[in-house]
Amino acid sequence: QQQQQQQQATSLYNFNTISAQSTPDRSRVSMVGADPTVPFTAAAPPRVAPPPLAAGPPPTTPQAPPGSRALLMDTASSRMLAHGNTFYHPGPTDGYCKILGADVLSPNTGTHYFEVSISQSAAAMIFVGFWDASDSDAPDFFANRNSYTICLSSGETFLVEQQSPCLNRVFQPGETLGLLFDSNSATIHAYVNGAWAAQAFSQVTGSLRAAIVTYNTSDGVTVSEQSFTS
């Protein structure tokens, strides 16, 4: 009979549920049917590490990584008037006029940053971005076969001629637009006045050159010394 009572007690101990004690810190719990004078501490659940955060663009102006160099414009083939790092529409009448970067930016070559500010402008009809290096003779980004640009008069993106809303702003003289081309992830991110604003393009293809296109006579654009190529 004593052995049968011990078996019943063991069965009751194994299958009864845990209930919290009434102590404020709930550090002691007891099992119904067990000795209430014996403290029992419930095991803490295993800690699960949170998933790693997805890599993203820097929140502020990207800094040139080690081994990078300044991103320069190709003044030898310029269709603009150059004064240091500032480039002006030559006039005498309105019309598309371009200057391209000196470097060809190929896929999987790291990050490249292109930052400009408006020096002077009649209507901010200025386009900044990247276009296909194999089609450098195109007169403007509409004619280039593979261009990725942002218009400073509206903040809209242009994938060749495909127009989409993006930044929703008219850039004023002194304001900056930076474009971070991550050739490893095939994306282009936009920065406004030093702060990340939007992902402007994805699934970017081809080898590209930095590009500035102006339309109005005497429009001026300055390329920032923050610009770099890996």
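Two strands pair if DSSP finds at least two bridges between them. Strands (E, at least two residues) and helices (H or I, at least four) are DSSP runs, numbered from the N terminus. The model is predicted, so local features need pLDDT of at least 70 and side-chain atom pairs count only at pLDDT 80 or more, while totals for chains, interfaces and linings use all residues. Residues are numbered from 1 along each chain as its sequence is written, and side-chain values use heavy atoms, with hydrogens and water left out.

Strand β16 covers residues 220-223. V116 stands opposite V223 in β16. Buried means under 20% relative accessible area, exposed means over 50%, and partly exposed lies in between (1.4 Å probe, protein chains only).

Strand β7 also pairs with β12, in the antiparallel sense, over seven bridges. The bridge partner of E115 in β12 is G178. β12 is mostly covered, with six of its seven residues buried. Six bridges join β12 to β13, again antiparallel. One of the bridged pairs is F181 with I188 in β13. β12 and β13 form a hairpin with four residues between them. In the turn, A186 has a positive phi of about 55°.

S183 lies in the loop between β12 (176-182) and β13 (187-192). S183 is buried, with a relative accessible area of 4%. Contact means heavy atoms within 4.5 Å. Neighbours within four places in sequence aside, S183 is in contact with S106, P107, N108, T109, G110 and H112.

Aromatic pairs were then searched for. Rings of Phe, Tyr and Trp (its six-membered ring) pair if their centres lie within 6.5 Å; planes under 30 degrees apart count as stacked, over 60 as edge-to-face and the rest as tilted. The whole structure holds 14 aromatic pairs. The F127 and F141 rings have centres 4.3 Å apart and planes at 40°, so this pair is tilted. F127 lies in strand β8 (residues 126-132) and F141 in the loop between β8 and β9 (147-151), so the pair ties together parts 14 residues apart in sequence. Both F127 and F141 are buried. F127 also pairs with F158, edge-to-face, at 5.7 Å centre to centre and 80° between the planes. This pair links distant parts of the chain, as F158 sits in strand β10 (residues 157-159), 31 residues from F127. F158 is buried, as is F127. Y96, F127, F141, F142, F158 and Y215 form one aromatic cluster.

A ring also meets a charge. The charged end of R169 sits over the ring of F171, 5.2 Å from its centre. For this, NZ of Lys or CZ of Arg must be within 6 Å of the ring centre and within 35 degrees of the ring normal.

A nonpolar core is a set of buried Ala, Val, Leu, Ile, Met, Phe, Trp, Tyr and Cys residues joined through side-chain atoms within 4.5 Å. The largest has 35 residues. F114, F130, L177 and I212 have the most contacts inside it. Another core, of eight residues, lies apart from it and includes L100, F127, C151 and F158.
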